[in-house]
Amino acid sequence: MVELSGNLLYVAFIAYLVATAFFGGSIKAKKDGQKVEGKNKWAKLAIIITIIGFVAQVGYFITRWIAAGHAPVSNLFEFTTFFGMCLVGAFIFIYYIYKTPWLGVFTLPVAILIIAYASMFPRDISPLIPALQSDWLHIHVTTAALGQAILAISFAAGIIYLVKAVDQSVSSKRTFWLEMVMYSLVSVVGFILVTSGFSMANYEATFNYIDKEGVEAVYEYQIPAVIGPNEGELITDGRFEPLIETPAIINSKKLNTVIWSLVVGLALYWILRLVLRKRIAASLQPLVKNINLDLVDEISYRSVLIGFPVFTLGALIFAMIWAQIAWTRFWGWDPKEVWALITWLFYAAFLHLRLSKGWHGERSAWLAIIGFFIIMFNLIVVNLVIAGLHSYAGS
Amino acid sequence: MNVKCECGHVNPHGTVLCESCGKVLEEKEKDKKLLDMRYEGSARRSQTYNKTIIDKIWNFFSSVKVGVWLIVITLLASILGTILPQSMYIPQTIPAVEHYENEYGWFGRLYYELGFHNLYSSWWYLLLIALIGVSLVICSLDRVIPLYRALNNQRVERHEGFLKRQRLYGISDVPQNQEMVTTLIANMKSKRYKIREENGNILAEKNRFARWGPYVNHIGLIIFLIGGMLRFVPGMYVDETLWLREGETKTIPATDGQYYLKNNQFIVELYDKEKDGEVFEQALDRAGGVVKTYQADVTLYKRQGETVAGEQPELEKVRDAEIRVNEPLKIDGLALYQVDYKLNELHKMAFTLQNKETGEEFGEILIDLNNPEKQYDLENGYSVQVKSYFPDFEFNEDGEPATKSRVPNNPAFVFEMTAPDKPEGEVSFVAIQETIEPLGDNKYKMAFKAVETKNVSGLTVRKDSTLWFLGIGGLIFMIGVAQGAYWNHRRIWIRRIGDKVWVAGHTNKNWHGLKREIEVVFEGTGLNVPKDQQQDEVEGKVKGENHG
């Protein structure tokens, strides 16, 4: 069952890759004037492949649920994969409202990145600690993830808007920040390449070091340690000696991974720039040539409108009900709770700015990007760095 | 003060668009190509009066800009509180300031000094929340009442100036036959529009209730915030801790001595690779021991009659229960949660009275560490008296024996041993792995024999009568937010002017939806689909930018 589950996830992953290519093809076909009106054959195939992938992933989810005996949303791998699945689900839903293949070209790669990112974390089926043994696990977590995924559609739409609307003929703050967004996405690829590359090469370096309590401890690095631990001593032979040593308070292993990802991301980014001979956003512009900005803006807004109530229900209300049952209080200012509140406040501000201050179009697109950044921050940094009660995330 | 429109309707002072016919009443609005339809051009107090101090306060809080600023400041402040753990999540064993300084250096010290370790209960954070509450109330009142008036007073026949300044607007020839009009109305009805007809003019409207969504959700939020304040009303909220050893029966706090709880057994169970299935094998290998259950098996008792001081209360068993994480025990609005535990707490210690030289034993005593007796009589004239007992022994600042707490973590005794040949008794101080004979060399000693331990369950006793309030607030919020987000208020005006038909459309959001709906509704009616006047503008601008 576990093996079947894993295979279904692979199927889904590949289907999303293929579907992205087909969605891209559908835009190309349009541009070449083969067929101008509405849905073309490419887009139809693309959405069918997307749905096949989605069904496969639902299959992964169900089989893993059966194998584990609990909803597979209990560790970072499971939750993030589920988030990716919700993103695809939300895309399919929005696609049938607006019939827009270009949304697929931008949403599916984000989902692919998220699922690939998830796979970098331990994939074992883990037993539930007592605090997680509740039906509220799947009620709260799935609703929260679904809400975030719908909100994330507005990020994809926001990128499309900016790729089209930002003037690429001159360099400006707007082009800079849009490139920063592109670079962040490329860095995720960097993280995936570094982690999976060294894992395939079975790289392992063991360090003795002194932790912040002043006690001797051991670190196992799975990628070469550029950043070494406090008073670290390399034990494994023939491994890379750290260039920089960190104070004990900093988790050198995580910092090392972050720096590797950013540097490899930067290298990838500049290779892309050199190959493309222009900004990444500029080279994406032909893809969005025939897009109606007004429609993109509306999709972005609509997904926030649809996602906000779902997010509130899952990440705040269901969360509070469960917290009252498991932790004796519905709210305890745990970092994850606070960041859910921050996300909620942010989208509340987004909606008010839009409704009353007339922040449409480009401003709204930038806000959608910041919103997604907050969601990702809550998923990655709060789980891995700030931790707290929700830190079932693992290494 | 009131403004009478040419259509005869009397509007309150400050009205921009006539509530009834929509005629533009404010001079400066007349130059605009498109009308600002946000609150139907109704007379909002904040836009009309600005003289007294009350006006100024009202206008300040009724501004969405101020509201958004309050949200953003609260958001940023909330981020600050997650940089380092809040004081409730740090070990409580040393003073908070030391913890922050030890763990995070000067930054931790600064964080503490600025009060960020207790940020969410700081006066200024609570003030921010309160200001958001005030803003919610005033913003809503400023808008909802005039909006209600305007929507309630609207008539079918709208002013030309109103129609042509709508975002969706178009002109068609008058339909040639009545059939087309019938089709139109049938189409609209099938899309669940409510139709009003007057003099051949039509107003089709649906989902007006969606306009109340924001105000409903604001009411929900206000109820929620009030619910949060109720926490501080005495009697609404109880937060007590109850440590219960196995075999022990104690009064449950906050029940007025009505209920008693007995801990029969406390269990910590770990996952077992063999019993719990192979699927977890890898994870268990990686993580080591993973806890499966924390469970206290308890019996709940109710007191019978009145207690007389000094007498044991008469208890009647109510039921047996198991308290686990996620499965609290509920009694009369009170919930008991399994939150903490202590395994193998010392419970009883056994000693024998021994002749130091010969090792001959004269009987064994068993001391209940939570309730030691004063004197233990052994046979044949031997006895042991407990002169002093230190359950949690330490030497205090003056170097004298003392106890840190009443929990037997490190018990120590001063015994007086009496034997037939030592009738005045010998004194001996006995602690774990330590014996002192303060009054010279003794003949007898208390030899340690055995220890019995027990598990202790740490329960939280919680009552929170504000939950109902918060639940209702949350429910109303969800209803309001769904109402506003999932439905759109749409209107289509059709007015006959001369031999032409003027058509205008409005929705509070989701314009594409309305446009597509109008295309469907107008099919087979001979009416032209109205144009999006704003999009023409936007497209012109984008093109202009690209070429410019």
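First, the ground rules. This is a predicted model, where local features need pLDDT of at least 70, side-chain atom pairs count only at pLDDT 80 or more, and totals for chains, interfaces and linings use all residues. Residues are numbered from 1 along each chain as its sequence is written, while chains are lettered from A and ligands numbered from 1 in the order in which they are written.

Start with chain A. It has eleven helices and five strands. Helices here are DSSP runs of H or I with at least four residues, strands are runs of E with at least two, and both are numbered from the N terminus. The radius of gyration of chain A is 22 Å, close to the 21 Å that the globule rule gives for 395 residues, so chain A is as compact as a globular protein of that length. That radius is taken over C-alpha atoms, and the rule is 2.2 Å times the number of residues to the power 0.38. The C-alpha trace of chain A spans about 65 × 50 × 45 Å along its principal axes.

Now helix packing. Two packed helices are described by the angle between their axes and the distance between the axes. Axes are lines fitted to C-alpha atoms, for helices over the stretch in contact, and angles run from 0 to 180 degrees between N-to-C directions.

Take α4(A), residues 101-118, and α5(A), residues 136-165. Their axes come within 9 Å and cross at roughly 120°. That makes α4(A) oblique to α5(A). The cut-offs: under 35 degrees is roughly parallel, over 145 roughly antiparallel, 65 to 115 roughly perpendicular, and the rest oblique. On the α4(A) side, the contact is made by Trp102(A), Leu103(A), Phe106(A), Thr107(A) and Val110(A). A contact means C-beta atoms, placed from the backbone, within 7 Å. By class, there are ten nonpolar, one polar and no charged residues. Nonpolar covers Ala, Val, Leu, Ile, Met, Phe, Trp, Tyr, Cys and Pro; charged is Asp, Glu, Lys and Arg; the others, Gly among them, are polar.

Next pair: α9(A), residues 293-326, and α10(A), residues 335-357. The axes come within 10 Å and cross at roughly 150°. That makes α9(A) roughly antiparallel to α10(A). Contact residues of α10(A) include Trp344(A), Tyr347(A) and Arg354(A). The class count for this contact is twelve nonpolar, one polar and one charged.

Chain A also has an open sheet of three strands, ordered β2-β1-β4, with antiparallel pairing. Strands pair if DSSP finds at least two bridges between them. β1(A), residues 205-210, pairs with β4(A) over two bridges. Phe207(A) stands opposite Leu234(A) in β4(A).

Over to chain B. Here an open sheet of five strands runs β14-β15-β18-β19-β20, again with antiparallel pairing. Its edge strands are β14(B) and β20(B), each pairing on one side only. The twist averages 25° from one strand to the next. β19(B) and β20(B) pair over three bridges. Ala431(B) has Glu434(B) as its bridge partner in β20(B).

Last, the interface. How many residues of chain B are in contact with chain A? The count is 48, against 46 residues of chain A. α3(B) gives the most to the chain B side, with ten residues. That side divides into 27 nonpolar, 14 polar and seven charged residues.

Note on methods: Contact = placed C-beta atoms within 7 Å.
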